[in-house]
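Student: Could you walk me through this fold while I have it open on my screen? I'd like to take the packing piece by piece.
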Amino acid sequence: NHLDTLYRQVIMDHYKNPRNRGEVEGDKLKIDMNNPTCGDRIQLQMKVEDGKIADAKFNGEGCSISLSSASMMTQAVKGLPVEEALRMSDLFSDMMLGKDIDTSGLDLGDIEALQGVTKFPARIKCATLAWKAMEQGLNEEENA
Ligand code: FES
Ligand code: FES
């Protein structure tokens, strides 16, 4: 159906042409996160300035779902205030649990295509890897 096609197209697009793959310049947060089920790992780098995510980039090895999710996540949170990025992360967790989500005021962009992952429960950890890294980094920053 339409959602399945969208799911595949959007994931393959981000996998083949990742947005924000690389290193953030200057001072940054670095968060390493691994998926214990497969051993794949990504490193997320973020620069937080004036309460906003000024830059976000990622590196690492993983499957198409984990890398495309990292690409979409960095694209979505760049420029967002920290609280909004954390709210987006909560919404994403709910989405992965198959809950109905209220996206008012937030532009999820391509991320909605990842809803397709909920049909493959074994892959949910792949989709959430980069998000966990983002959440951990922002929480550490807030408590620093
Ligand atoms: Fe192996 Fe994602 S954990 S397919
Ligand atoms: Fe390892 Fe998906 S198979 S992150």
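Student: At what angle do α2 and α4 pack, and how far apart are their axes?

Tutor: In this predicted model, helix α2 (residues 64-77) packs against helix α4 (residues 124-143) at an angle of about 40°, and their axes are 7 Å apart. An angle between 35 and 65 degrees falls in the oblique range, and α2 and α4 are therefore described as oblique to each other.

Student: Which hand does the crossing of α2 and α4 have?

Tutor: The crossing of α2 and α4 is right-handed.

Student: And which residues of α2 and α4 meet there?

Tutor: From α2 the contact draws on I65, S66, S69, A70, M73 and V77, and these meet C126, A127, L129, A130, W131 and M134 of α4. Sorted by class, the contact of α2 with α4 has 10 nonpolar and two polar residues, with no charged residues.

Student: OK, what about α3 and α4, at what angle do they cross?

Tutor: The axes of helix α3 (residues 82-96) and α4 cross at roughly 155° and come within 10 Å. That makes α3 roughly antiparallel to α4, and the crossing is left-handed.

Student: Which residues make that contact between α3 and α4?

Tutor: On the α3 side the contact is made by V82, A85, L86, S89, F92 and M96, and on the α4 side by I124, A127, T128, W131, M134, E135 and L138. By class, the contact of α3 with α4 divides into 10 nonpolar residues, two polar residues and one charged residue.

Student: Switching to the sheet: in what order do the strands come?

Tutor: Three strands form an open sheet in the order β1-β2-β3, with antiparallel pairing. Because β1 and β3 stand at the edges, each with a single partner strand, one side of each is left without a neighbour in the sheet. On average, neighbouring strands of this sheet are turned by 20° against each other, if direction is ignored.

Student: How many bridges join β1 to β2?

Tutor: Strand β1 (residues 29-34) and strand β2 (residues 41-49) run antiparallel and are joined by six bridges, and K30 stands opposite Q45 in β2. The two strands form a hairpin with six residues between them, and in its turn G39 has a positive phi of about 85°.

Student: And how many residues lie between β2 and β3?

Tutor: The hairpin of β2 and β3 has two residues between the strands, and D50 in the turn has a positive phi of about 50°. Strand β3 (residues 52-61) pairs with β2 in the antiparallel sense over nine bridges.

Student: Which residues of β3 stand opposite R41 and M46?

Tutor: R41 stands opposite E61 in β3, while M46 has A56 of β3 opposite. For V48, the bridge partner in β3 is I53.

Student: Which strands does α2 lie across?

Tutor: Helix α2 lies across β2 and β3, and the helix runs at about 170° to β3.

How values were computed
Residues numbered from 1 in each chain as written. Chains lettered and ligands numbered in written order. Predicted model: local features only at pLDDT ≥ 70, side-chain atom pairs only at ≥ 80, totals over all residues. Axes fitted to C-alpha atoms, helices over the stretch in contact; angles between N-to-C directions. Helix = DSSP H or I, 4+ residues; strand = E, 2+ residues; numbered from the N terminus. Parallel < 35°, antiparallel > 145°, perpendicular 65-115°, else oblique. Left-handed = near helix turned anticlockwise from the far one by under 90°. Contact = placed C-beta atoms within 7 Å. Nonpolar A, V, L, I, M, F, W, Y, C, P; charged D, E, K, R; others polar. Pairing = 2+ DSSP bridges.
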